[in-house]
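Please read the report below with the sequence and the three-dimensional view open beside it.

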Amino acid sequence: MSPQQFREIAWNGLWKQNTGLGQLLGLCPILAISTSTVNAVSLGLATILVMAMSNLAVSSLRNFIPYEIRIPVFILIIAALTTVVDLSFNAFFHDLYLVLGIFIPLIVTNCIVLARVEAFAAKNHPLTSTIDAVMMGLGLVWVLGLLGAMRELIGAGTLFAGIEMIIPGASAINVFGDDYPGFLVAILPPGAFFALGMLIAAFNAINARLAARARRQPPPAPKAPQAADGQGGTEPVAAG
Amino acid sequence: MSARYSATRTSLRTGAIMVVFTLAFTALMASTYGLTRPAIEASKQEAQQRLVDEVLPPAGYDNALLDDMVRVDAPGALGMDGGARVWRARKGGEPVALVIEGAATDGYAGRIELVVAVGRDGRLSGVRVTAHKETPGLGDYIDPKKDRRKDAPWIGQFTGTTWRDVDTAGWSVRKDGGSFDYRAGATISARAVTRAVGRITAFAAGRLDALFAAPAGSVLGEES
């Protein structure tokens with residue numbers, strides 16, 4: 001795999017086709033589990049695990065899977081691997097398993113997993129497919145983590161509450177002190193929509209700015225002229 | 001050629017491939033299950049023991065408490081369908097305390113599950129909420145992990161009381177004329193927990209000896 005190809009896969013997963021902000025796939029777990037940073041990142045990591053293993057398995061077996069029954073076989077593979085992750089979490093991160101609960105088995109129904117298997121792993125080399133899964137998963141993790149941190153910080157005034165479930169002895173950061181009254185809406189479901197909406201707006205605004213900058217300069221020019229930044233202030237209006 | 005690629009042949013071949021995939025991945029799941037089972041069992045036991053330690057000081061008893069368990073089929077008093085688990089703590093063979101699981105069915109958002117530890121003298125040594133769906137930030141103070149007042153969590157007020165200390169009408173929140181506090185904004189959660197604790201304590205107080213005497217692993221009815 002060429003560095004160029006790697007860069008493209010990474011850029012797609014982390015930013016351009018970001019699961020949470022670009023493709024808007026698998027929003028149910030994103031909205032439901034992002035009540036705290038630790039929950040959000042843990043579920044994201046579990047999803048990366050399932051995605052990487054599914055992409056690896058499907059792309060390794062892609063020449064043996066008849067086209068007509070590829071979807072049942074994909075689902076079978078994803079479901080089996082999710083069960084493996086579910087059992088492992090239950091065995092080794094029991095407290096976290098109790099918190100994440102139904103959302104680990106529900107990774108099966110997260111359409112981003114099937115989407116990457118069908119759109120990428122079924123046509124590409126195992127190594128490339130695994131990297132694609134990890135990059136897509138990391139894209140999901142940073143969005144989930146940011147969303148979780150926003151909601152936790154505004155809603156409860158803490159960061160990394162529940163970290164002791166993963167690293168024994170570690171404790172949460174109480175950002176606003178004990179007297180912070182909390183802002184319930186951030187933790188309840190509407191808070192998830194508000195926070196995700198703001199993130200998507202920011203994502204679109206940045207993309208619009210990047211696109212505008214790319215249009216303004218001729219492609220071969222290696223360095224962006226600094227003047228482009230000065231005019232950038234009026235652009236986000238178009239991003240809505 | 002036509003015989004080789006007939007519909008029957010193709011479907012049989014595809015079906016066979018599907019069967020092979022199913023067998024292979026079922027085997028993967030089965031072996032993971034077999035490999036993780038001891039660890040899962042150990043984690044469950046550990047979590048259960050931690051919960052018991054929160055309501056009953058481990059120094060007070062010396063038996064293998066988690067193994068000394070009876071089931072009590074009393075859905076009316078304990079709120080658990082299919083038999084509530086009751087663990088017995090003993091020291092030197094003498095009864096010390098009961099750890100009883102139960103549930104309030106009248107929470108603001110469904111069931112609230114609890115464990116209650118009752119001493120041989122009928123005194124409560126601790127109450128913990130184990131599962132609930134009360135509103136985060138409002139009713140969830142019944143769980144001391146979510147309680148904002150870490151120094152004096154709401155659930156702590158039950159510790160040290162006995163069924164006889166409080167008259168029957170007193171097993172509710174002050175708003176209903178009872179003798180237990182609640183926090184403004186979420187009376188229903190507190191009321192449900194308080195009444196359930198009262199029911200469980202009363203149930204235990206009435207049959208302490210029977211509960212300690214029953215052989216481990218047996219199932220007791222409502223009348224015992």
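The sections below go through the model, its chains, its contacts and its cores in turn.

## About the model

This is a predicted model, in which local features need pLDDT of at least 70 and side-chain atom pairs count only at pLDDT 80 or more, while totals for chains, interfaces and linings use all residues. Residues are numbered from 1 along each chain as its sequence is written, and chains are lettered from A and ligands numbered from 1 in the order in which they are written.

## Chain A

Chain A has 11 helices and two strands, where helices (H or I, at least four residues) and strands (E, at least two) are DSSP runs, numbered from the N terminus. Read from the N terminus on, the elements of chain A follow the order α-α-α-α-α-α-α-α-β-β-α-α-α. The C-alpha trace of chain A spans about 55 × 55 × 30 Å along its principal axes.

Of the 240 residues of chain A, 37% count as buried; a residue is buried if 20 or more other C-beta atoms lie within 10 Å of its own, exposed if 12 or fewer, and partly exposed in between, with C-beta atoms placed from the backbone. Two residues are in contact if their C-beta atoms, placed from the backbone, lie within 7 Å. Among the contacts in chain A with a separation of 6 or more, 76% are between residues 24 or more positions apart.

## Two domains in chain A

The domain assignment divides chain A into domain 1 (3-181) and domain 2 (188-240), with bounds that come from an automatic or database domain assignment. The centres of these two domains of chain A, taken over C-alpha atoms, are 26 Å apart. Their contact takes 10 residues from domain 1 of chain A and nine residues from domain 2 of chain A.

On the side of domain 1 of chain A that touches domain 2 of chain A, α3 (27-33) and α8 (126-156) of chain A each supply at least two residues, and α8(A) gives the most, with six residues. The residues of that side of domain 1 of chain A divide into seven nonpolar, two polar and one charged. In this grouping Ala, Val, Leu, Ile, Met, Phe, Trp, Tyr, Cys and Pro count as nonpolar, Asp, Glu, Lys and Arg as charged, and the others, Gly among them, as polar.

## The nonpolar cores

A nonpolar core is a set of buried Ala, Val, Leu, Ile, Met, Phe, Trp, Tyr and Cys residues joined through C-beta atoms within 7 Å. In soluble globular proteins, nonpolar side chains tend to be buried together. The largest nonpolar core has 57 residues, of which A:Ala46, A:Val50, A:Ile77, A:Leu81, A:Val85, A:Leu144 and A:Leu147 touch the most other members. Helix α4 (residues 37-61) of chain A gives the most to this core, with 13 residues. Because domain 1 (3-181) and domain 2 (188-240) of chain A both give residues to this core, it lies between them.

Not counting residues up to four places away in sequence, A:Leu147 touches A:Ile30, A:Ser34, A:Ala40, A:Ala195, A:Leu196 and A:Leu199. A second, separate core of 47 residues includes B:Trp87, B:Ile100, B:Ala117 and B:Ala204.

## Chain B and its sheet

Chain B has four helices and six strands, in the pattern α-β-α-β-β-β-β-α-α-β along the sequence. The radius of gyration of chain B, taken over C-alpha atoms, is 24 Å, well over the 17 Å that the globule rule gives for 224 residues, so chain B is more spread out than a compact globule; the globule rule is 2.2 Å times the number of residues to the power 0.38. Of the 224 residues of chain B, 32% count as buried.

Six strands of chain B form an open sheet with mixed pairing, in the order β5-β4-β3-β2-β1-β6, where two strands pair if DSSP finds at least two bridges between them. The edge strands are β5 (124-131) and β6 (219-220) of chain B, each of which pairs on one side only. Strand β3 (residues 94-107) of chain B runs antiparallel to β4(B), and nine bridges join them.

## Where the chains meet

In the contact between the chains, 20 residues of chain A meet 17 residues of chain B. On the side of chain A that touches chain B, α5(A) gives the most, with 12 residues, and by class this side of chain A has 14 nonpolar, five polar and one charged residues.
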